[in-house]
Amino acid sequence: MADDDAKAALMARLRNQFGDLDLAGMLSDGKEEDASSEDSSVHEPSQAELIAWQQAQFNKGREKLQAKNLAAKTPLEKRRHLQNKHEDTDWEDILPQPNLQGQESLFFPSTNNEDGIFEVIGPHPLLMKFAAKGDPEVLGGAWKRLYSSSHGDGLSFPYLLDAIRGYGGPTVMLIRAIPSAKHCYGNKSSSSSTLGFYTTSTWMDSSQYYGTGECFLFSIGTEKDSEEIRIIRPKKDNSSKKSTDYMYCYPSRMNIASRNHVVDSTNGAVHGIGIGGNAGQPRLHITESMEGCRALGYDTVFEPGQLLMPDFGDSLYYFDIVHLEMWGVGGQSWIDDALRSRETEKERVRANLQKVQRVDKEQLLDDLRLTSAVFEHQQHT
């Protein structure tokens, strides 16, 4: 009895000092002792044992803190953390050049004439300039074309969603826009503008804003310089990790003819893709018809700056999309991981759809049985 009391007192003291370690297992060294043995009395732990327990407790606490800090990191910070664990950091990093890997892009063409003569060797100069001014760490390296309206996908919002939904890596959206025909109040301009959006956040369906400050809006070309690149980043007071008011992707199931600026009755969000601004009036709004879109020059999330040419003012900065591309960036390793993430999301959606269809079929059978029973009852009566 005295031995039990002494053991309980020792265990209580050690728990107060070493937290939730398996002290009983440490004391017995994983071996059960015979209670009737004369050697079963409790001994004070040795100095070496105390040091080992203290080190184990310290390591456990450090691992918990690292896991907590990693969960709070942005996608790019997480990627850096994983790379640093597996790479030699003694060498100076040399950022790779952006590489389209032989894939064609209307915005960064490899040919400039109808004869198909290659006039650009290596990365397109405009692509190099965009990567250097935007985010060289992520925009350098391999690019993967996820969607292109001129390479078989057409101007299709559902196809665009299928290409990006669940894609777990950074993306670049490139848009070629012309003044909206339906909103032009002056002479219709024949000019076009190139604009877009970059983010490291995963695209998902939501009427609520999400994302991190690792994003920016951009435009390519001005009246004076067709290759001038303007980067419009989040405002410094909004780019903290706590802010998520950067993007949303809110598809509807309505008829395509009524998919321009359709407002949800619950939270005021307009359907389509919204960047910055607010749910009712995003800074950049891509409608589901890809017509009657809008790009404003100011909001409370991003720095001010026009995304469209000045003559778009005659259409109140509404525009129609004539071409759109979505690229996965960040290097081949990140792209491969992001594609696997997209496939996982597609499998999850398919499984949920099958479940709903099965439930609907069972409900239909129940309704038919009930209707049949009621009919038979009426026939008998």
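So, is C249 buried or exposed? C249 counts as buried, because its relative accessibility is 2%; buried here means under 20% relative accessible area, exposed means over 50%, and partly exposed is in between, with a 1.4 Å probe and protein chains only. C293 is buried too, because its relative accessibility is 0%. And on disulfides, meaning pairs of cysteine sulfur atoms within 2.5 Å, a search of the whole structure turns up zero.

Quick housekeeping before I go on. This is a predicted model, so local features need pLDDT of at least 70 and side-chain atom pairs count only at pLDDT 80 or more, while totals for chains, interfaces and linings use all residues. Residues are numbered from 1 along each chain as its sequence is written, and side-chain values use heavy atoms, with hydrogens and water left out.

Okay, the overall picture. The protein chain has 381 residues, and 39% of them are buried. You'll see nine helices and 13 strands; those are DSSP runs numbered from the N terminus, H or I over at least four residues for helices, E over at least two for strands. The accessible surface is about 22,300 Å², and carbon and sulfur atoms hold 50% of that; that's Shrake-Rupley with a 1.4 Å probe, and for residues only the protein chains shown count as cover. Now contacts, meaning heavy atoms within 4.5 Å: take the ones between residues at least 6 apart in sequence, and 69% of them join residues at least 24 apart.

On to the inside. In soluble globular proteins, nonpolar side chains tend to be buried together. A nonpolar core, for us, is a set of buried Ala, Val, Leu, Ile, Met, Phe, Trp, Tyr and Cys residues joined through side-chain atoms within 4.5 Å. The largest one has 47 residues, and W203 and F319 have the most contacts inside it. Helix α8, residues 157-164, gives this core its largest share, five residues. There's also a second, separate core of 22 residues, with L126, L127, W327 and W334 among them.

D135 sits in the loop between α5 (125-134) and α6 (136-139), and D135 counts as buried because its relative accessible area is 16%. What does D135 touch, leaving aside neighbours within four places in sequence? That would be L76, G140, Y198 and F216.

Then there's A279, in the loop between β10 (272-275) and β11 (284-286). A279 is buried as well, at 17% relative accessible area.
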